[in-house]
Amino acid sequence: MIIRIITNYWTFVSFSIIIGYFADLLIGDPRGMWHPICLIGRIISGTEKVLRKIFPKKKSGEMVGGIFLVIIVLVVTGVIATAVLFAGFYVHWILGFCLECYMCYAIFATKSLRVESMKVFEALQTKGLEEGRYAVSMIVGRDTKTLNEEGVIKATVETIAENTSDGVIAPMIYMIIGGPILGFLYKAVNTMDSMVGYKNEKYLYFGRAAAKTDDAMNFFPARLSAMFMLWGTKMAGLDRAQAFRIYVRDHANHASPNSAQTESVMAGALGVQLAGDAWYFGKMVHKPTIGDALRKIEKLDILRANKLMYAGSGLAMMALFIARWLITLFL
């Protein structure tokens, strides 16, 4: 009886995830301050301000404060997401289902990733380097004021590669495992990392717990995302053999244990070199390169990178749901 209830529930959740995924492809991110991820960001900012007043401004105090930040944000996010779903289903199952679909839709970032990266492409194509620098500054954490055109394109392609996992496939995996509630917990960690997970003076200690939690939660999704991207190279009209070769060689060429997984596939598939030294908060950070410079990177690589992102995420959706169906079949 319990197994049947669980099976029926996951069949129900599966429809919500599929609807959410295709709604995101068609519509893109909901805009405005009431976007669930924006609300999570406000929770993070508010909690950080309170914790910084409580804990002493020294290494141990900031590290403990950062641990409390992760715990508080995850608890608040989980409670709110659970309460919203419970309230919706309590009123009527149709309302609950609609809320669940919306939550899944808000977690995905496939179209928004394409839209924001295409703003860089269009700026470089029609308005010049300065506008391209400004457009890419909206989606990367590095300093962009001194980037040349090649640097702007590289930063954009790297962002597409990394966020194919962080913004699309990883949340998909967590939603398939634990529905939109687990999906929101993942996004809370990912958002914390993007807000406080920097190795600068302000966040070196305070943001460490968020950064390490994000590394842990992305460990397996990043590697699965790389596999799905490798699988999708032919669909995107790119070089699978070269992508595999560079992945095997360069998948660890990053300070993060996860970022180079998808970036190495992207670099190999495109036949370009990514990563290398970059400026962050006014300081040069020396990083290894990823891939071989078989040719000079060009604006069209932003379009090609988006094709690989769509191919990889689409294949992930099919493969993960087949896996879930096989699991429920044998329960």
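Me: Cysteine 104: buried or exposed?
Reply: Cysteine 104 has 0% relative accessibility, so it counts as buried. Buried means under 20% relative accessible area, exposed over 50%, partly exposed in between, with a 1.4 Å probe and protein chains only.

Me: What kind of model is this, and what are the ground rules?
Reply: It is a predicted model, where local features need pLDDT of at least 70 and side-chain atom pairs need pLDDT 80 or more, while totals for chains, interfaces and linings use all residues. Numbering starts from 1 along each chain as its sequence is written, and side-chain values use heavy atoms, leaving out hydrogens and water.

Me: How many disulfides does the search find?
Reply: The whole structure gives 0 disulfides. The test is a pair of cysteine sulfur atoms within 2.5 Å.

Me: Which sulfur is nearest to cysteine 98?
Reply: That of cysteine 101, 6.4 Å away. Cysteine 104 is in no disulfide either; its nearest cysteine sulfur is also that of cysteine 101, at 6.7 Å.

Me: And how accessible is cysteine 98?
Reply: Cysteine 98 has 46% relative accessibility, so it is partly exposed.

Me: Switching to helices. How many residues of H10 are buried?
Reply: 12 of the 12, so H10 is largely enclosed by the rest of the structure. Among them are Gln261, Glu263 and Met266. Helices here are DSSP runs of H or I, at least four residues, numbered from the N terminus.

Me: What span should H10 have?
Reply: H10 covers residues 259-270, and 12 residues at 1.5 Å each should span 16 Å. The rule is 1.5 Å times one less than the number of residues. The end C-alpha atoms are 17 Å apart, which agrees.

Me: What comes just after H10?
Reply: Glycine 271, with a positive phi of about 75 degrees.

Me: Which residues touch the most other members of the largest nonpolar core?
Reply: Ile17, Leu69, Val157, Met172, Met192, Met266 and Ile302, out of 79 residues. Helix H7, residues 149-196, gives the most to this core, with 20 residues. A nonpolar core is a set of buried Ala, Val, Leu, Ile, Met, Phe, Trp, Tyr and Cys residues joined through side-chain atoms within 4.5 Å.

Me: What does leucine 69 touch?
Reply: Leaving out residues up to four places away in sequence, leucine 69 touches Ile44, Thr47, Glu48, Leu51, Met192, Val196 and Phe206. Contact means heavy atoms within 4.5 Å.

Me: Where does threonine 159 sit?
Reply: In helix H7. Threonine 159 has 9% relative accessibility, so it is buried. Not counting residues up to four places away in sequence, threonine 159 touches Leu113, Ile139 and Val140.

Me: What is aspartate 214 in contact with?
Reply: Beyond neighbours within four places in sequence, aspartate 214 contacts Val189, Asn190, Asp193 and Asn258. Aspartate 214 is in helix H8, residues 208-232.

Me: Last one. Where is arginine 114?
Reply: In helix H5, residues 110-126. Arginine 114 is partly exposed, at 36% relative accessible area. Its C-alpha is 9.1 Å from that of isoleucine 302, 188 residues apart in sequence.

Terms used:
Helix = DSSP H or I, 4+ residues; strand = E, 2+ residues; numbered from the N terminus.
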